[in-house]
Amino acid sequence: MLSVLLRQCRVPRSTPTSGRLLSTSASNILDEHLLHRSPVHTEFFQASLPHLKVPDLNASVEKYLNSQRPLLTDEQFSATTSICQEFLKQDGPELQRLLLDYDKSNSDGNYVSDFWFDMYLRDRRSLVLNHTPFLAFSAATEQPDPLDRLTNMVYSSARYQLTYANRVLKPEVYFLDPKLSEEKFYQRMKMLSRIPGHSRLAWAAAYLHKAFPLDMSQYPNLMASTRLPQTGRDSLRRYPDSRHIVLMRGGRFYSFDIIEPDGLSVVPASTIRARLSECLADSRPAAEFPVGVLTSADRDVWTKERQKLAHASKTNSASLEAIDSALFLVCLDESQQTSDSALCHTFLHSGDGANRWWDKSLCLMAILPVGEFAVSFEHSWGDGVAVSRYFNEVFNDSNRRPGLSSGQSESLAADPVSVRRLEFDLDDSLKASIATCREQLSARTADLDLDFWQFDGFGKSSAKRAGLSPDSVSQTAIQLAYYWLSGGATAPTYESCSTAAFQRGRTETIRSATSATKEFCRLAGGSEPAPTNQLLAALKAASDAHSTLTKDAAMGKGWDRHLFALRCMSERRAGGAVPRLFTDPAYRKINEIVLSTSTLSMPAVKIGGFAPVSPAGLGVGYAIEDSSMGCVATAYKSSGRSSAEFMRCYQRACLLLADVIGKALDAKK
C-alpha cells in the first residue's frame, strides 16, 4: 500500500498558507496566547500528501450498478445495465481520457475538487437549511455562568487563530496506533524537517508510524473569510489581516477586536467579557428591519439586494466590509426554552433568520440565559474536518485553560469606546425586500419538522464485541427505520465520508442502502422477524458490505465523485452532448437523496443536525457512543414526511438491533 500511495504523491505548485495576520515569528508570541506550539509547522505534510487518483472506469460503473440494485426492479435494473454497457463502449472511454488529461494538468488539486467547489458556488438556492449545518457543544460544568463560558469560547477562538496564522497549530493527523506517543512522533518529524527535501518524505515517514496526515487546504477559509453573492456563481474571499469579530443580537450588529493591534496577543478575556456585556446592555429594541435576513434569499436575489445596500450609503459599505472581514460571527439569541428540539431549531435556522448572517464562513451561536452553545458554518468552503478540529480545540481549551477564571468577571471595568455599532441606512425598497425575505424564510422554517432521540444502554462497545462495525449498525438502524416508515421500500441514501487523506480531498459518498441491508430489513421488518441467528448473519453481511464501501470511499474509490466529474467533463467537451447514463431516470433517482446521513460522534458534541437535501427527503445526523446511540431527524411537513414518525421507527429499530446483538453476546458467554 505504501508504494501505491507514494506513487500518488505530488508536490503542488504552492501549499496553502495560513494568512498574514502578522509578519513576525511565532517565537515572539507568549504561550498563553496560543493553543499549543507544534514542533513542526502546520503545513508540514501538505506537499507530500497522496494525490487523489481518477478511479478505474469499469470499477466505478460496476459499483454504481451495485448501488442501483436494491433500488430498482428487475426490469429497471436490466435497462440501466444496458445503458451502462453502452457508456463503457461509447462515451465513457473518451470522457475518462479527458478527465485523466485534466487531472494531469491540475497539480494544485485533484480531478474533482474544482468541480465540487463550483457546484456549491453555482447553487442559487438559499443557504439556509441547504448549506448551513450545526454542531452544539457539550456542557461544561466548571463554567456555570453562560457569559463566562461564551467569553472563554471567544478567547479560545482567538488563540486558535493566532496558533494557525503563525503556523504552529499541529498538523491534522489521524493516529492509528494507540500506543504511539504523539510527542515522540512530532519530535521525530522535527528531526526529519532538518533533512533537505523533507517535504517529499514527510507523509511516508508518518505512514511508517501508522500515522496518517490529513489535508488542511480548507483551513484558511475557516476564519476571516466569507461567501460573497454574485450573479450566476458566488465567490469566497479571505481577510488575512482581520483582528475583530462581529456580534449579532436582535438583528443588530456590533464589532470589536479580540486580537491586539500588535497581532501577537489575544485581548484579555476580562476585556472580551466587558465588550460582550456592553452589547447585551444595549437597550434598543430588536431591529424592525434586520438586514441579515437578506442573506437568506435566493443567491441572485441577494446579489442584487446587496448591490443596492452597498450603493445606498458609505455607512452601509463600511458595515458590510466589517461583517465580511470579521474573524467569525457571534450570534446571541435569548430564549428560555431548553428542549433539545427547540435548541436544534434555533441553531439550525433561528426561526425568521433575523439574527444571522448566513454568508459568514463560521458562526458561534449562544442562547442566553440557558447557556447553550453551537457552531454553524457555510458549507461551500469546506467540510467537517476543519470545523471539527476548531470545535474540539475550542471546547478543550476553553474548559482546560479558560482565559477568564471563576469570579473574575465581578470586578470588570467598563470599556465604552471599544465596541463599534454597525449601522445600515435603509430606503423603502430595501425595507420591503427585508420584509419579503423574512416572511419567506419564516414559511420555510415553519415547514421543517425536527425530532431528537437518544437510546442509552447500547452502543459502540456492544457492536464491536459482536464483531460489527458501529457505523454500519447505525446505518442499518436508519435503513430499517425507513423500511418500516415507507411500508417496505429502500431509498437512495447518502453517507458522507472524508477523503482528507488526499491533497484537497473533500468527501466521497458511502451508498449505505445495499442489497445486504435490504435483505436484513426483509428478515427483520416483517410482522414476525426471522430467528436471531438469521438476523445476526444478515446483520454481519450488511456490516461487511458497509465496511467495504467505507474503505473504498475513504481511499477515493467510490463511484459518486467519479461519475460526477465525468458528467462535468461531458458538459465541457466540444458538442456538449450528455451521455444517456446521466439522463437515465435511474441515475436521476439515485441522486435525489431521500436519506441524507452523517455521523456526529465526538465527545465535545452534544447534538448536531442539518435539513434534508431534497424536498421529500430526511436529514439524519446520528451518533453512536460506547453505550448510547441517537439521532436528530429532519423532514419537510409539506412533503408528507414526519420526523416524529421516522423517529418512532428508528427507536424500534435500535431496540431490535440491541436485542439481536445482546443475544449474540450472551451466547458467547
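How many residues lie between β6 and β7 in their hairpin, and which residue in the turn has a positive phi? There are 2 residues between the strands, and the one with the positive phi, about 60°, is glycine 250.

Before going on, the conditions. This is a predicted model, in which local features need pLDDT of at least 70 and side-chain atom pairs count only at pLDDT 80 or more, while totals for chains, interfaces and linings use all residues. Residues are numbered from 1 along each chain as its sequence is written, and side-chain values use heavy atoms, with hydrogens and water left out.

Let me stay with strand β6, residues 244-249. Helices here are DSSP runs of H or I with at least four residues, strands are runs of E with at least two, and both are numbered from the N terminus. β6 pairs with β7 (residues 252-257) in the antiparallel sense over 6 bridges; two strands count as paired if DSSP finds at least two bridges between them. Histidine 244 has aspartate 257 as its bridge partner in β7. With strand β8, residues 329-335, β6 runs parallel, joined by 4 bridges. There, leucine 332 stands opposite arginine 249.

β6 is largely enclosed by the rest of the structure, because 6 of its 6 residues are buried. Buried means under 20% relative accessible area, exposed over 50%, and partly exposed in between, with a 1.4 Å probe and protein chains only. His244, Val246 and Met248 cover one side, and Ile245, Leu247 and Arg249 the other.

Next, the core. A nonpolar core is a set of buried Ala, Val, Leu, Ile, Met, Phe, Trp, Tyr and Cys residues joined through side-chain atoms within 4.5 Å. The largest has 60 residues, and Leu150, Val154 and Val330 are among those with the most contacts inside it. Helix α6, residues 146-165, gives the most, with 9 residues. At least three residues come from each of domain 1 (132-164 + 220-446) and domain 2 (456-557 + 584-667), with bounds from an automatic or database domain assignment.

Valine 330 touches Leu150, Val154, Ile245, Val246, Leu247, Met248 and Leu364, leaving aside neighbours within four places in sequence. Contact means heavy atoms within 4.5 Å. Another core, of 45 residues, lies apart from the largest one and includes Tyr483 and Leu535.

Now the aromatics. The whole structure has 27 aromatic pairs. Rings of Phe, Tyr and Trp (its six-membered ring) pair if their centres lie within 6.5 Å; planes under 30 degrees apart are stacked, over 60 edge-to-face, and the rest tilted. Phenylalanine 45 and phenylalanine 185 are stacked, at 6.3 Å centre to centre and 20° between the planes. They are 140 residues apart, phenylalanine 45 in the loop between α1 (2-8) and α2 (57-68) and phenylalanine 185 in helix α7 (residues 182-192). Phenylalanine 45 is buried at 3% relative accessible area, and phenylalanine 185 at 0%.

Phenylalanine 87 and phenylalanine 582 form an edge-to-face pair, because their planes stand at 75°, with centres 5.8 Å apart. Both residues are buried.

Last, charges over rings: NZ of Lys or CZ of Arg within 6 Å of the ring centre and within 35 degrees of the ring normal. Arginine 561 has its charged end over tryptophan 116, 3.9 Å from the ring centre. Tryptophan 116 is one of the buried residues of helix α5, residues 113-122. Arginine 69 lies over the face of phenylalanine 77, at 4.3 Å.
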